[in-house]
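I opened the model today to look up a helix and some strand pairings. My entries follow the display.

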Amino acid sequence: MEAKLVERLEAAVERLEALGAGVGVSSRGLPDIGVDMSSDPSIIAFDDLIDQYAAKVSDAAEKIGGQVLDVTKLLLEAFSVQKQLLKEIKQTQKPDMVGMAEFLKPLNEVIMKVTAKAEQRGSEFFNHFKSAGESLSALAWIAYTGKDCGLSMPIAHVEESWQATEFYTNKVLMEYKSKDPNHVEWAKALKELYLPGLRDYVKSHYPLGPVWNASGKKAYAAPLKAPPPGAPAAPCPPPSSYFSSESSKPSSSQPKQGLSAIFQEINSGDVTAGLRKVTDDMKSKNRTDRSGVVSTSEKRPRSIPATTAPKVGPPKLELQMGRKWAVENQIGIKNLVIDDCDAKQSVYVFGCKDSVLQIQGKVNNITLDKCTKMGVIFKDVVAAFEIVNCNGVEAQCQGFAPTISVDNTSGAQLYLSKDSLDASITTAKSVDVNVLVPGADSNSDWIVELELC
């Protein structure tokens with residue numbers, strides 16, 4: 001017991017000495033300071049995912065051998081790397097953009113190896129390589145940091161990634177259906193690894209993305225070289241912005257505005273330098289054109305500064321690139337309808353107000369973003385129905401929805417059908433969210449099942 005304590009103290013001292021010497025250390029370079037992950041539910045569940053689903057892919061690849069086995073080993077290596085990243089997340093503070101790229105580097109390196117194989121078009125196993133390469137994009141769910149990160153929510157991302165993969169696995173199934181059952185087994189096992197395997201894992205443990213450790217160790221963008229012995233530590237550079245070079249300019253070089261400018265002139269000492277001098281003929285007591293009575297005709301309305309109205313784009317209701325329905329900036333339209341849709345398409349509703357949209361068919365996912373007093377009626381969604389940055393919206397599911405999420409929203413009414421009563425509902429930073437379910441029979445009123453104030 002004492003030996004372990006001494007080792008932990010020595011590791012902590014080494015870390016402090018490195019920081020004091022000006023050496024940047026990534027979170028992977030830091031020793032584990034005693035956090036036991038063996039009993040963590042999410043890590044145990046990930047091990048179960050590998051044992052239950054990844055093992056089937058490995059067994060099928062062993063029967064095939066050769067290049068298919070090689071690419072399968074890389075695929076399983078990527079899952080092993082993701083497990084390690086999940087452990088690091090529980091011990092590490094959330095990094096910035098540069099730090100996130102460094103954090104994901106080990107996973108990206110494995111994916112690049114599989115991608116390099118997928119570029120070998122001359123190989124007879126080209127479709128196997130593409131299946132493995134496309135499927136690994138699903139592991140990028142771990143990079144989800146919020147609605148502005150450029151990724152769909154984790155569950156939806158896993159399902160969307162598989163859609164691109166299935167094109168190639170179907171080719172494997174068609175090619176080897178009557179030739180070799182081992183290849184068919186491999187393709188089916190690969191799908192089960194992601195659907196339901198990875199999807200259900202994310203749904204159970206990380207539906208809103210990874211949860212970083214706010215009190216954990218800091219992650220640095222990249223390791224820095226240590227200074228030579230005896231050299232003084234380099235001073236810390238001033239903070240700068242990743243997005244603009246202007247923010248790094250000295251404040252004295254930028255003109256002050258508003259109250260800052262007024263106080264700057266007052267503090268300069270020469271307060272009256274810019275004032276006009278009042279002559280005797282400008283004084284009221286010496287003016288002959290003033291009678292002492294102010295007529296209403298002389299009154300001037302106080303000027304009100306013009307405000308710039310927020311820019312609103314043109315209204316849209318169109319199918320883009322055959323994959324995404326864009327419904328944007330619809331104001332006061334009660335009869336919006338999407339009827340020609342399929343399960344591979346998504347619906348994105350943005351900036352709509354006081355309108356009603358009907359989706360008459362199964363789609364992959366539906367997202368409402370920055371909408372006010374918006375109503376949506378839909379049948380079935382494959383992945384998820386999402387409400388983000390909205391106010392006073394209502395949504396009715398007439399079919400099946402596996403996942404419903406409400407984020408940063410005030411006032412949402414969700415009407416569920418009997419087929420969607422088992423839907424996974426997650427909320428974050430939202431108030432006044434009500435979930436209503438049908439009554440005992442068709443003539444009964446809706447029943448409030450869940451109310452979040």
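I began where helix α8 starts. There, a side-chain oxygen of Asp-180 comes to within 2.9 Å of the backbone nitrogen of Asn-182. I note that this is a predicted model.

Next I looked up the span of α8. The helix covers residues 181-205, which is 25 residues. From first C-alpha to last I read 34 Å, close to the 36 Å expected at 1.5 Å a residue. I then checked the axis for a bend. I found one of about 30° at Gly-197.

I moved on to the strands. Which strand does β5 join through six bridges? I found β7. β5 is residues 353-359, β7 is residues 372-378, and the two run parallel. In this pairing, Lys-353 of β5 has Thr-372 of β7 as its bridge partner.

I followed β7 onward. It also pairs with β9, residues 391-397, again in the parallel sense, over five bridges. Here Thr-372 has Asn-391 in β9 as its bridge partner. I therefore keep one general point beside these strands: side chains in a regular strand alternate between the two faces of the sheet.

Last, I took the overall figures. I count nine helices and 14 strands in the protein. Of its 453 residues, 38% are buried. I also looked at contacts between residues at least 6 apart in sequence; 41% of them join residues at least 24 apart.

Conventions: Residues numbered from 1 in each chain as written. Predicted model: local features only at pLDDT ≥ 70, side-chain atom pairs only at ≥ 80, totals over all residues. Heavy atoms only, no water. Helix = DSSP H or I, 4+ residues; strand = E, 2+ residues; numbered from the N terminus. Expected span 1.5 Å × (residues − 1). Bend = angle between axes of the 7 residues up to and from the residue. Polar contact = N/O pair within 3.5 Å; in protein donor to acceptor, adjacent residues only side chain to side chain. Pairing = 2+ DSSP bridges. Buried < 20%, exposed > 50% of the residue type's maximum accessible area, 1.4 Å probe, protein only. Contact = heavy atoms within 4.5 Å.
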